[in-house]
Amino acid sequence: MAATTEEALGYEQARDELIEVVRRLETGGTTLEESLALWERGEELAKVCRRWLEGARARLDAAMSTPEEGDEAEGAA
């Protein structure tokens, strides 16, 4: 079920939850078990964010490498 939850998370949702996880870890006051669970959740969220960013980079690279139709028409004239 965790994979489904991760797939459903958007970048902003994962980022915001990751910020909260980091804040809780930095604040302290949690048990070792809670801290480990937070750390593991943080790692999962970081992977979700990384996948979103890699996908966005791939889309940008593809868009930048494909000449626009208007540019081709201007070159042919």
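These notebook entries record what I looked up in a predicted model of one protein chain.

**Entry 1: overall content**

I began with the secondary structure. I found four helices and zero strands in the protein chain. Read from the N terminus, the elements follow the order α-α-α-α. I then looked up burial and noted that buried residues account for 13% of the 77 residues in the protein chain. I also looked up how far apart in sequence the contacting residues lie. Of the contacts between residues at least 6 apart in sequence, 70% join residues at least 24 apart.

**Entry 2: α2 against α3**

I next examined how α2 and α3 are arranged. Their axes come within 9 Å and cross at roughly 150 degrees. Angles over 145 degrees count as roughly antiparallel, so α2 is roughly antiparallel to α3. I recorded the crossing of α2 past α3 as left-handed.

I listed the residues that make this contact. From α2 they are Y11, A14, R15, E17, L18, V21, R24 and L25. From α3 they are S35, L38, W39, R41, G42, L45, A46, V48, C49, W52 and L53. By residue type, the contact of α2 with α3 divides into 13 nonpolar, two polar and four charged residues.

**Entry 3: the nonpolar core**

I asked which residues form the largest nonpolar core. There are seven: L9, A14, V21, L38, L45, V48 and C49. The elements giving two or more residues to this core are α2, spanning 11–27, and α3, spanning 32–65. The largest share, four residues, comes from α3. As background, I noted that nonpolar side chains tend to be buried together in soluble globular proteins.

Not counting residues up to four places away in sequence, C49 touches Y11, A14 and R15. A14 is itself listed in the core, and Y11, A14 and R15 are on the α2 side of the helix contact.

**Entry 4: L18**

I then turned to L18, which is found in helix α2. Leaving aside neighbours within four places in sequence, L18 is in contact with G42, L45 and A46.

**Entry 5: D16**

Lastly, I looked up D16, also found in helix α2. D16 has a relative accessible area of 42% and is partly exposed. D16 and L45 are separated by 29 residues in sequence, and in space they are 9.4 Å apart, C-alpha to C-alpha.

How values were computed. Residues are numbered from 1 along each chain as its sequence is written. This is a predicted model: local features need pLDDT of at least 70, side-chain atom pairs count only at pLDDT 80 or more; totals for chains, interfaces and linings use all residues. Side-chain values use heavy atoms; hydrogens and water are left out. A nonpolar core is a set of buried Ala, Val, Leu, Ile, Met, Phe, Trp, Tyr and Cys residues joined through side-chain atoms within 4.5 Å. Buried means under 20% relative accessible area, exposed over 50%, partly exposed in between (1.4 Å probe, protein chains only). Contact means heavy atoms within 4.5 Å. Axes are lines fitted to C-alpha atoms, for helices over the stretch in contact, and angles run from 0 to 180 degrees between N-to-C directions. Angles under 35 degrees count as roughly parallel, over 145 as roughly antiparallel, 65 to 115 as roughly perpendicular and the rest as oblique. A crossing is left-handed if the near helix is turned anticlockwise from the far one by less than a right angle, and right-handed if clockwise. Ala, Val, Leu, Ile, Met, Phe, Trp, Tyr, Cys and Pro count as nonpolar, Asp, Glu, Lys and Arg as charged, and the others, Gly among them, as polar.
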